[in-house]
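Thank you all for coming; I would like to walk slowly through one protein model today.

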Amino acid sequence: MSTPTDEHDGIWLTQDAYDRLKAELDQLVANRPAMAAEINARREEGDLKENGGYHAAKDEQGKQEGRIRQVTDLLRKAHVGEPPTKVTHAATGTVITIRFEGDDDTEKFLLGSREIAGTTDLTVYSPESALGAAIMGAKPGKKVTYQAPNGRDITVEVVGIEPFVP
């Protein structure tokens, strides 16, 4: 089993988050026959060019199939288990405290998959986000600069790192 401080090529999930995603995937897959029946029923209504119900059902099917692929990929890449008990640097599965340059307040968040957000009151930042990627591997005291989606450069200082306690 991998721990959150191993290589960052996977996604760390608690067992609870993994189980919730697995249940969602099972439900989505089980709903496939009902969705196919709905599309068939709408197809029987007539001209497909002007059949809003048919197009809505096909759109819904596309969304469900996209979510099935997304959850399947997430579960395939997931490292399931307990977070580390000792941490020295920012890694998936750790709680990070940062201070934005020019601000005295700090912000605390979990560095991990957004899928785990339902299991914690902490804000969750993905390691692939601009902030998450910038602080990955940083130790307390390190300042990093990243580019926000609006193009502005933002500098933060890593103030503290601690293990995540679900």
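Arg-42 itself is partly exposed, at 28% relative accessibility; buried means under 20% relative accessible area, exposed means over 50%, and partly exposed lies in between, using a 1.4 Å probe and protein chains only.

Residues are numbered from 1 along each chain as its sequence is written, and side-chain values use heavy atoms, with hydrogens and water left out.

How many salt bridges does the structure hold? There are 10, and a second one links Arg-76 with Asp-73, whose closest N and O atoms are 2.2 Å apart. These two residues are three apart in helix 3, so about one helical turn separates Arg-76 from Asp-73. Arg-76 counts as exposed, at 61% relative accessibility, whereas Asp-73 is partly exposed, at 27%. Asp-73 also meets Lys-77 in a salt bridge of 3.2 Å, N to O, and Lys-77 is partly exposed, with a relative accessible area of 35%. Elsewhere, salt bridges that share partners join Glu-38, Arg-42 and Glu-45 into one network.

Now to helix 3 as a whole, which covers residues 52–77; helices here are DSSP runs of H or I with at least four residues, strands are runs of E with at least two, and both are numbered from the N terminus. Helix 3 has 26 residues and reaches 38 Å from its first C-alpha to its last, close to the 38 Å expected at 1.5 Å a residue, the expected span being 1.5 Å times one less than the number of residues. Its buried residues, among them Tyr-54, Ile-68 and Leu-75, pack against strand 1, helix 1, helix 2 and strand 2.

Finally, how far can we trust the model? The mean pLDDT, which is the predictor's confidence in each residue from 0 to 100, is 85 for the protein, and 92% of its residues reach 70 or more. Over residues 1–9, however, pLDDT stays under 50. Where pLDDT is low, the predicted coordinates should not be read in detail.

How values were computed. This is a predicted model: local features need pLDDT of at least 70, side-chain atom pairs count only at pLDDT 80 or more; totals for chains, interfaces and linings use all residues. Contact means heavy atoms within 4.5 Å. A salt bridge is a side-chain nitrogen of Lys or Arg within 4 Å of a carboxyl oxygen of Asp or Glu.
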